[in-house]
Amino acid sequence: MAFIVHVKAYHLPGGWGLVSVSPFCLKLDAFLRLADIPHEAITATTPFGGPKGKAPWIEHEGRKIGDSTFIIQYLKNRYSVDPDAGLTPAQRGQALAIQRMVEENLYWAMVNDRWNTPANWPVLKGSVLGGIPAPIRAVMAPVARRGVIKQLKGHGLGCHSAEEIAAIAKRDITALSAILGEQDWFFGPAPTETDCVVYSLLANVYFVGFESPMKAMIAAHDNLVSFLDRFRDRFYPAL
Ligand SMILES: N[C@@H](CCC(=O)N[C@@H](CS)C(=O)NCC(=O)O)C(=O)O
């Protein structure tokens, strides 16, 4: 019998019908499904086991790899599978621009809503930090919060007012809706990595129990709501 070494994919806990309430972890999980790569999804309560102290990470054939984008590059090479193979060079450029907007800008607006909004603090402790035993969590949660608020300031988004952050997020969400237009997927008839990138962030705003002005912004675009439903029906039919 052949010995098959599956990819072990470590992600932060899930909730509200999502495999993970971390967009980067959900993106990797979605990509593994899109590319049909055999794997074992493992829930980690903290990101500390990852080689970069962040989630997700994978273990495969003795390697430990961190960062969703590096992991996806590795998997594409290792398994000779690429859902983006049909994209033109211009489309690849657009895919990168969308990824940067979603992961390096819009993501931080989501982080701000979760970690820097008093109403969301109990929700966060019960979900993102929910796997950590209560006595440890009582000590860790405020420390983690201070750390994330420092990250937000370091990024720059955390220096703005709530209204300014909402306006920044609105421009990104409006742009995503305009780019998607009437298409089923961001690059036409078949899903690509970009769809995983956009789904994992928007689903982590739209389907979760955190208050966020971005929920209404997404709801205002029928094509984005249909996209989220389409993605979920295709890749997460059982959830
Ligand atoms: N560029 C990384 C970002 C990963 C990331 O920021 N993960 C968050 C969870 S959504 C994390 O582990 N944060 C913990 C920390 O920053 O201490 C990727 O694509 O994987």
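Student: What makes the crossing of helix 1 and helix 7 right-handed?

Tutor: A crossing is left-handed if the near helix is turned anticlockwise from the far one by less than a right angle, and right-handed if clockwise; helix 1 passes helix 7 in the right-handed way. Helices here are DSSP runs of H or I with at least four residues, strands are runs of E with at least two, and both are numbered from the N terminus. This is a predicted model, in which local features need pLDDT of at least 70 and side-chain atom pairs count only at pLDDT 80 or more, while totals for chains, interfaces and linings use all residues. Residues are numbered from 1 along each chain as its sequence is written, and side-chain values use heavy atoms, with hydrogens and water left out.

Student: Why are helix 1 and helix 7 called oblique to each other?

Tutor: The axes of helix 1 (residues 23–34) and helix 7 (residues 193–206) cross at roughly 140° and come within 8 Å. Axes are lines fitted to C-alpha atoms, for helices over the stretch in contact, and angles run from 0 to 180 degrees between N-to-C directions. Angles under 35 degrees count as roughly parallel, over 145 as roughly antiparallel, 65 to 115 as roughly perpendicular and the rest as oblique, and helix 1 and helix 7 are therefore oblique.

Student: Which residues make that contact, and how many of them are nonpolar?

Tutor: With contact meaning heavy atoms within 4.5 Å, helix 1 contributes residues including Leu26, Ala30 and Phe31, and helix 7 contributes residues including Cys196, Val197 and Tyr199. The contact has 10 nonpolar, two polar and two charged residues, where Ala, Val, Leu, Ile, Met, Phe, Trp, Tyr, Cys and Pro count as nonpolar, Asp, Glu, Lys and Arg as charged, and the others, Gly among them, as polar.

Student: Why are helix 1 and helix 2 described as roughly parallel?

Tutor: Helix 1 and helix 2 (residues 68–79) pack at an angle of about 15°, with their axes 10 Å apart, and on the angle cut-offs already given they are therefore roughly parallel to each other. Their crossing is right-handed. Phe24, Lys27, Leu28, Phe31 and Leu32 in helix 1 meet residues of helix 2, among them Ile71, Ile72 and Leu75, and the contact divides into seven nonpolar, two polar and two charged residues.

Student: Why are strand 2 and strand 4 said to stand at the edges?

Tutor: Four strands form an open sheet in the order 2-1-3-4, with mixed pairing, and two strands pair if DSSP finds at least two bridges between them. Strand 2 (39–43) and strand 4 (63–66) each have a single partner strand, so one side of each lacks a neighbour in the sheet.
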